[in-house]
Amino acid sequence: MSDADIKDAVENEYVEDGSNKLLVKCKFCGSKILERKSGKFVRKEIDLPLMEQDKRVEAKVQYEKIYQFFFVENMYTFENIGFTHTIDNCKYLSCADCDAGPVGYYDMDTKHSYVALSRVKHE
Amino acid sequence: MAKTYDYLFKLLLIGDSGVGKTSILFRFSEDAFNISFISTIGIDFKIRTIDLDGKKVKLQIWDTAGQERFRTITTAYYRGSMGIMLVYDVTNEKSFENIKNWIRNIEENASADVEKMILGNKCDLDSKRQVSKERGEQLAVEYQIKFVETSAKDSLNVEYAFYTLARDIKAKMEKKQEASNPPGARGGTHQLKSNDQQRKPPSWLSRCSIL
Ligand SMILES: Nc1nc2c(ncn2[C@@H]2O[C@H](COP(=O)(O)OP(=O)(O)O)[C@@H](O)[C@H]2O)c(=O)[nH]1
Ligand SMILES: [Mg+2]
Ligand SMILES: [Zn+2]
């Protein structure tokens, strides 16, 4: 399977009519992040810091490229979510119950949030 | 697409530095080799959705970040907040005495009808205790504010405290709405609809961008 096929498979499973088909939950503790149909699926290439940072690699944040997101226009659409302090005009999103993250990010200019499909559980 | 809710309450955690405000909001513990990216930056606020008597209530809970001196917490900081958790540390006498100063600061700067609650945090540290539970209760009676001892470390009473504060704010709002809009007087719009709030964001939202 090519990369493109894998992407399509993910989208078929989790996206319906352009939004999240299933509940979006924290991968670690199951805390509910988004109700069904409350995030709009978007493709976007973003470097997101890894959830676990290796302490031994000093003073360097490790990133990973992410391509698939649920877009949330209004922050109060979230059921449960944490917002970090601002860096580079952006806040990172984390689980409100166990603090795992980033599960996505929030743009300070547009006030829009993006949840990474690969960083959450779909149920 | 946007989901509706019945109420949105902005809540603040206030109190001396070191009493456990950040710990009440943030629970992550790290292991020896990995550090969570989130814990290095810290949480500014959280959104939580709770059910209160069948109503969907969104809580937006803010930490106080490095602004713990009374002087630096002014009107702008309190703007739009409907509830305040006053936190002291049961192992720190000074933090308890300062609750009175915090209350005065709130009276001078926050909206007059902001709902308050006092939290005596770190109640798991009984051997180091300097402030008895009875003194906490007395202070609360004196100011007619609700009180509970909490442990952010053991997650004891933290959720209870937020539910209690939220329930009190909701009760106050419903009372106010009834008074300003008695049944039968005008239409029956006794409740702020989320759609209205989404079209016209409350002014304190702009605070996001100055942080
Ligand atoms: N034992 C115990 N320690 C706590 C508790 N809450 C906070 N702490 C510790 O108290 C210190 C200060 O906490 P912090 O949340 O940073 O306080 P803040 O300055 O008010 O934000 C940290 O070392 C916490 O681990 C608690 O409930 N029990
Ligand atoms: Mg703090
Ligand atoms: Zn979680």
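This is a predicted model: local features need pLDDT of at least 70, side-chain atom pairs count only at pLDDT 80 or more; totals for chains, interfaces and linings use all residues.
Residues are numbered from 1 along each chain as its sequence is written, chains are lettered from A and ligands numbered from 1 in the order in which they are written, and side-chain values use heavy atoms, with hydrogens and water left out.

**The zinc site in chain A**

Let's start with the zinc ion (ligand 3). Its protein donors are the SG atoms of A:Cys26, A:Cys29, A:Cys95 and A:Cys98, lying 2.3 Å from the metal. Donors here are N, O and S atoms within 2.8 Å of the metal (3.2 Å for Na, K and Ca); water is not among the atoms, so sites may look incomplete. The 4 donor atoms subtend angles of 102 to 115 degrees, so the arrangement is tetrahedral (four donors with all angles between 85 and 135 degrees). Along the chain, the donors follow the spacing C-x2-C-x65-C-x2-C. A:Cys26 sits in strand S3 (residues 24-26) and A:Cys98 in the loop between strand S9 (90-94) and strand S10 (104-107) of chain A, so this pair ties together parts that are 72 residues apart in sequence. Helices (H or I, at least four residues) and strands (E, at least two) are DSSP runs, numbered from the N terminus.

At 2% relative accessibility A:Cys26 counts as buried, while A:Cys98, at 21%, counts as partly exposed. The cut-offs are under 20% relative accessible area for buried, over 50% for exposed, and partly exposed in between (1.4 Å probe, protein chains only). The loop between S9 and S10 of chain A also holds A:Pro102, and the peptide bond from A:Gly101 to A:Pro102 is cis, with omega near -5 degrees.

Ligand 1 is surrounded by 16 residues, and the closest include B:Gly18, B:Lys21 and B:Ala152; a residue qualifies if one of its heavy atoms lies within 4 Å. Helix H1 (residues 21-25) of chain B gives the most to this shell, with 3 residues. Here are some side-chain contacts to the ligand:

| Residue | Ligand 1 atom | Distance |
|---|---|---|
| B:Thr22 | oxygen | 2.8 Å |
| B:Ser23 | oxygen | 2.5 Å |
| B:Asp124 | nitrogen | 2.7 Å |

The protein covers 69% of the 580 Å² of accessible area that ligand 1 has on its own (Shrake-Rupley method, 1.4 Å probe).

**Elsewhere in chain B**

B:Asn98 lies in helix H4 and is buried at 9% relative accessible area. Its side chain joins that of B:Asp16 through a polar contact of 2.7 Å. Such a contact is a pair of N or O atoms within 3.5 Å; within protein, one must be able to donate a hydrogen and the other to accept it, and residues adjacent in sequence count only if both atoms are side-chain atoms. B:Thr91 is buried too, at 17%, and its side chain makes a polar contact with that of B:Asp89 (2.7 Å).

B:Ser127 is exposed at 77% relative accessibility. B:Ser127 and B:Thr91 are 36 residues apart in sequence, yet 8.8 Å apart in space, C-alpha to C-alpha.

B:Asp53 counts as exposed at 56%, whereas B:Asn157 is partly exposed at 29%.

Methods:
Four donors count as tetrahedral if all angles lie between 85 and 135 degrees; four count as square planar and six as octahedral if opposite donors are over 155 degrees apart and all others between 65 and 115; anything else is irregular.
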